Each structure stands twice: as structure tokens, then as C-alpha cells.
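This briefing is for a reader meeting the structure for the first time. Please look over the sequence and the model before reading on.

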Amino acid sequence: MARAAEEVGFDSLWLGDHLLYRGDGRAERGPWEVFTSLAALAAVTERIHLGPLVACTAFHPPGLIAKMAASIDEISEGRFVLGLGAGWNRTEFDAFGLPYDRRVERFGEAYTIIEGLLSGRRVSHAGRHWSADDAVLLPPSMRPSGRAPIMVGSNGERVLRMTLPSADAWNTWFTDFGNRPERFADLTERVTRLAADVGRDPGTVDRSACVLVVVDRSADERPIEPDVPPIEGTTAQIAAALLELADAGADEIIIVASPIDERSIRRLGEVVASIRG
């Protein structure tokens, strides 16, 4: 599927970072570990950017997250984007013995360490939850900019205030804006306000939107929520809907395809080609 996405013209490919789903009325399930999988995909692709959507900072010590990110960035020759979030699915936290309390506070400490290490700084941090003592990433990044881009996946004000001073991009999931461009515009305006509040030029923060696109209703994998209508239809109809989202402020659109298979990817490649003309 990764090779197909690259072949048909997609710019990026994203994998979720989860350990276990259960108790939602569907079969118990879980994906492969995200950093291991992304390293494998980095080795078998050539052009497409890769990243976790988004890596949960509670699943690994922050210094190791930075180390894994830097390693995959090297394997991919500078095609890695580190998406970060605080996590939300308590089931997997409890099942794997991970603390769920004070998630934002834990995230803030982890982000400080991760961003500092990826930026090439020596990091010492004595926090309540995470610590580092003169940590440094070696070998240094091969990127001229110094580090892989960081994308924060959150709409929480506390998390955004922590990350907007330095994060390269902000991302939101389709249920957070109802899969509707006008509601995405409201969220991106909020990001603009918060960026300005923390002294960041809002124009330097990329806006990334996940959008649900149903390719085949007969093979649909995701329950359709009435208040979150998916994008579907002809190539022209899907392309027009994505362009509306771009007009609403999305610098990047991450398609959550349903079903997620090679056939959907190749079908959506027609949409990509039509947009690019």
C-alpha cells in the first residue's frame, strides 16, 4: 500500500500509534507497532514522507522517541515527520500498564525533551514524570534545518500553548470538525489566535486536516456517524470537497480512506491527479 501511495502521487503516508482497541462493539484489534513499521516503510519507499498520526508520548520515554524519530529520518533520507500527541484511549493505557493520569502534564515534559533533542541541543530536565541528564542525539541530524518536522495532534488549549512556540504543524482529526470545511476554518482560526498569544507568527504554523473519505460503502470499515458525514462520490465530487477544505485553511489534507486497502489508494490516486491537473 505504501508503494502504491507513492506511485499514484500522494505526498505522505501516516500510521496510527495504538496498542489495543476493545469494548467499542467491534472485534478486539490493534495495529503493528508504529516506529518499527515506519522504519520498514522508510526502507522500501523513495519519495513519500512518513510519520505517526500521532505518536503517543506516554508509550515510550521521550528520549527514546527522539532517538527513534532521528533514526527513521536518517533511514528515509529526510522524509520523516514526527506527529506527537498525549493519547486518549484509556483501554490501551490500562492494558499495557501505562499511567493515564496527568496526561497533559506528562506530555508537556516529554515534548520539552523530544523537541530539544531533535533540535540538536543537549537536554537536562528534572521533571515530575520524565527526566534527562545531559542527553544528546548522536549521530547528529543530516538535515540542513537541523531536525525532522514536528506536528502536534491536539485541539486542547494547554497542549497547543506548550507546542505552538516550536512545532512546525498542527493536525486535527475529522471527528473534531465534523468532516466539514466551515468547522475546520473555526479550528484553524483558534490556532491562529493561540499562536499569536504565545508569540509565534501564525503564518509559520502549517495546518493539517484528517478527512474521512469513503471509497466503497459495501466494504466500509468505519461506522458512519450521522453528524460526521464522509466525503464520497465521483472523482470530481471528492476532489471538489477536498479543495473546499483547502480553501478553509488546510495546508495539508490527510485522507482517512475507508476501506484502507490498495484498491482505495489507487482509486484516490485519480483524485490526486485530477486536483493537480
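The model is predicted, so local features need pLDDT of at least 70 and side-chain atom pairs count only at pLDDT 80 or more, while totals for chains, interfaces and linings use all residues. Residues are numbered from 1 along each chain as its sequence is written, and side-chain values use heavy atoms, with hydrogens and water left out.

**Helix pair**
- Helix α3 (residues 62-75) packs with helix α5 (residues 103-118) at an angle of about 35°, their axes lying 8 Å apart; helices are DSSP runs of H or I with at least four residues, and strands are runs of E with at least two, numbered from the N terminus.
- Axes are lines fitted to C-alpha atoms, for helices over the stretch in contact, and angles run from 0 to 180 degrees between N-to-C directions.
- Residues of α3 including Pro 62, Ile 65 and Ala 69 meet residues of α5 including Ala 110, Ile 113 and Leu 117, where contact means heavy atoms within 4.5 Å.

**Sheet**
- Six strands form an open sheet in the order β3-β4-β7-β8-β9-β10, with parallel pairing, and two strands pair if DSSP finds at least two bridges between them.
- The edge strands, each pairing on one side only, are β3 (55-56) and β10 (252-258).
- Strand β4 (residues 82-85) pairs with strand β7 (residues 150-153) in the parallel sense over three bridges, and Leu 82 stands opposite Ile 150 in β7.
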